[in-house]
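Dear colleague,

I am passing on the structure below, together with an account of what was found in it. Please read the notes alongside the model.

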Amino acid sequence: MDVSLILKLNEEHKKLEQAKFTYGTAGFRTLASTLDPVLFRVGLLASLRSKKLNSKFIGAMITASHNAAPVKIKSDFPKLTFKDNGVKLVEPLGEMLVQTWEPYATKLANAETREDIVACLTEIIETEKIDLTKQSNVAVARDTRPSGEKLVESLKDGVISLHGNLTNFGVLTTPQLHYNIRCLNTKAAKHPYGEVGEEHYYKKLSDAYKSITRGFKKLSPLYVDAANGVGAKALLALAKEIGSEYFDVFIVNADVANSEKLNFECGADFVKLKQKAPTGLELKSGMRCASLDGDADRIVYYYADHDGKFKLLDGDKIATLAAGFIMDLVRKANVTINGQPPKFGLVQTAYANGSSTEYASKKMQVPVVFTMTGVKHLHHAAEEFDIGVYFEANGHGTVLFSENVINAFSDVNGKTEEEIKSLNILKALSIVINQAVGDALSDMLMVELILTLNKQSLSDWDEAYTDLPSRQIKVKVSDRHIFKPIKADTELLEPLGLQEKINAEVKKYSSARSFVRPSGTEDVVRVYCEAKTQKDVDELSVAICTLVF
Ligand code: NG1
Ligand code: ZN
């Protein structure tokens, strides 16, 4: 280890304050102004991870996703409290950083002195038996937040300190970076994931989409709120590649140049939490709409019913739509693995609406598994199935096809016309659906493909089940770290006694449910309540928020 080089470059990225950092649900995420030393250290860690994995490419995505991030505050915008950015590491096949390395990330980011940094690196190298002579390859991308450009430089110094190579992909959506990383690392594999580069990503998705929807009646236009983020640019390029004869899209909230507008009263998180259309989109009956988040890994759909009432089709609805459609195809195609039907499963979190769980488990007869919040948990659980559908209610998710099932799609030739047709759709779906990570654009094409083939409107899709009234509220507390969730986030172990008080409130209402957990991405505690009527939910929410505050 070239300690003198590390120490020299560290001088440029000193930790200025007593800030505490935690590698949480979505990597490090906090005020951008405190992140320079963190990114330097993440560069060091990414280099070590690459060396540990025989020089495989490790990704670093610089984003604060759905968090609002005004940099220049203009007088016509209220002062927002968040000016966040963040960074998350990506494993060679596009998954989130392996969990056993998360404590290293936290420890390294919090090292106080230069000696602490070196000691921490030495500990990781020894524990993980890392061969420092191996080359390290790291690739970075960032969303449209202006603070990202400088943070790339901080990361670069960390990578260089361990004599690593840094590939800078510039501005990409989070899923595009995951795609590139998977492509880079599977170049020489039996089944390469694809060619590296944005244009290849668009072409891969577009070709698969068109191969199946060709000849079907085109859906009415889709209005997409791009949250004034990177998704605007990516969706424009994707739509161009697909062509308007297949897909009509109107992109709103595409003002990427004005960073203070990013996620401001728009985007998937806003729409989901406020249960209303974003600013910039005049929702009228008959319109088909969707919202992305700031780094385009989440999507939710919505429409206005005949009475003009806002209707949301969130991640739970997307999951059940996809699960139903794919299960039906697998049955029709007669796909088997060792003579058995493929193992099918749906993965949800505590935020999933109770009606969606009931619909999936009782009506669709799909096994449902619950994990803690955060896609890394859902992703791992979904890998246990041959076909694993996972979505967070907020619209973050995907469908994973195991190698066994992909091979089964190729092995079965299909005897009848129906079998052949179903197999072709399954094969195309496994290409359209991003296998590395939840991807708003790929999920959008999956939904559009299903609706096109099913000849369904958004209200037809919505008919599957009715959401139970629910509310999710952010509560600012003095220290969110005192809240310790257990049982897949459904209960609190600490503060002592709080869970009993929550239970007592919930008991007052029929079919009610509530849980409280600290956010891993914002300095808030999240309160979730669900009950039979909106009135009950509203009352219960007030009671629980009062307990937490
Ligand atoms: P936190 O802030 O830990 O609740 C949020 C989402 C997660 C996940 C991450 C990463 C909710 C309630 N929470 O995490 O599901 O998507 O952001 O983006 O939606
Ligand atoms: Zn996101």
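This is a predicted model: local features need pLDDT of at least 70, side-chain atom pairs count only at pLDDT 80 or more; totals for chains, interfaces and linings use all residues.

Residues are numbered from 1 along each chain as its sequence is written, chains are lettered from A and ligands numbered from 1 in the order in which they are written, and side-chain values use heavy atoms, with hydrogens and water left out.

**The zinc site**

The zinc ion (ligand 2) is coordinated at 2.0 to 2.1 Å by Ser65 (OG) together with Asp293 (OD), Asp295 (OD) and Asp297 (OD); donors are N, O and S atoms within 2.8 Å of the metal (3.2 Å for Na, K and Ca), and water is not among the atoms, so sites may look incomplete. Along the chain these donors follow the spacing S-x227-D-x1-D-x1-D. Serine 65 sits in the loop between strand S2 (57–62) and strand S3 (84–90), and aspartate 297 in the loop between strand S8 (288–292) and strand S9 (299–304), so the pair ties together parts that are 232 residues apart in sequence. (Helices, H or I of at least four residues, and strands, E of at least two, are DSSP runs numbered from the N terminus.) Serine 65 also counts as buried, at 4% relative accessibility.

The angles among the four donor atoms of the zinc ion (ligand 2) run from 87 to 168°, and the site is irregular. By the criteria used, four donors count as tetrahedral if all angles lie between 85 and 135 degrees, four count as square planar and six as octahedral if opposite donors are over 155 degrees apart and all others between 65 and 115, and anything else is irregular.

**Cavities and pockets**

A search of the whole structure finds four cavities of 30 Å³ or more. On a 1 Å grid over the protein atoms alone, a cavity is a set of points where a 1.4 Å probe fits but cannot get out, while a pocket is an open set with protein on both sides within 12 Å along at least five of seven lines, and lining residues have an atom within 4 Å of a point. Grid points are joined across faces, edges and corners, and a volume is the space filled by probe spheres set on the points.

The largest cavity has a volume of about 420 Å³ and is lined by 29 residues, of which His66, Arg298, Thr373, Glu392 and Asn394 lie nearest its centre. Helix H9 (267–274) and strand S19 (525–530) each supply at least two residues of this lining, with H9 giving the most, three residues. The lining of the largest cavity divides into seven nonpolar, twelve polar and ten charged residues, where Ala, Val, Leu, Ile, Met, Phe, Trp, Tyr, Cys and Pro count as nonpolar, Asp, Glu, Lys and Arg as charged, and the others, Gly among them, as polar.

The largest pocket, with a volume of about 1000 Å³, is lined by 41 residues, and those nearest its centre are Thr22, Arg480, His481, Ser519 and Gly520. Strand S1 (28–31) contributes the largest share of this lining, four residues, and by class the lining has twelve nonpolar, 15 polar and 14 charged residues.

The second largest pocket has a volume of about 860 Å³; of its 29 lining residues, Arg182, Tyr193, Phe401, Ile406 and Gln435 are the closest to its centre. Helix H13 (403–411) provides the largest share of the lining, five residues. Domain 1 (3–171) and domain 3 (316–457), whose bounds come from an automatic or database domain assignment, both give residues to the lining of the second largest pocket, so this pocket lies between them.

**Backbone details**

Glutamate 494 and proline 495 are joined by a cis peptide bond, with omega about 0°, and proline 495 lies in the loop between strand S17 (491–494) and helix H17 (498–506). Asparagine 54, a residue other than glycine, has a positive phi near 55° and is exposed at 52% relative accessibility.

With best regards

Key: Buried means under 20% relative accessible area, exposed over 50%, partly exposed in between (1.4 Å probe, protein chains only).
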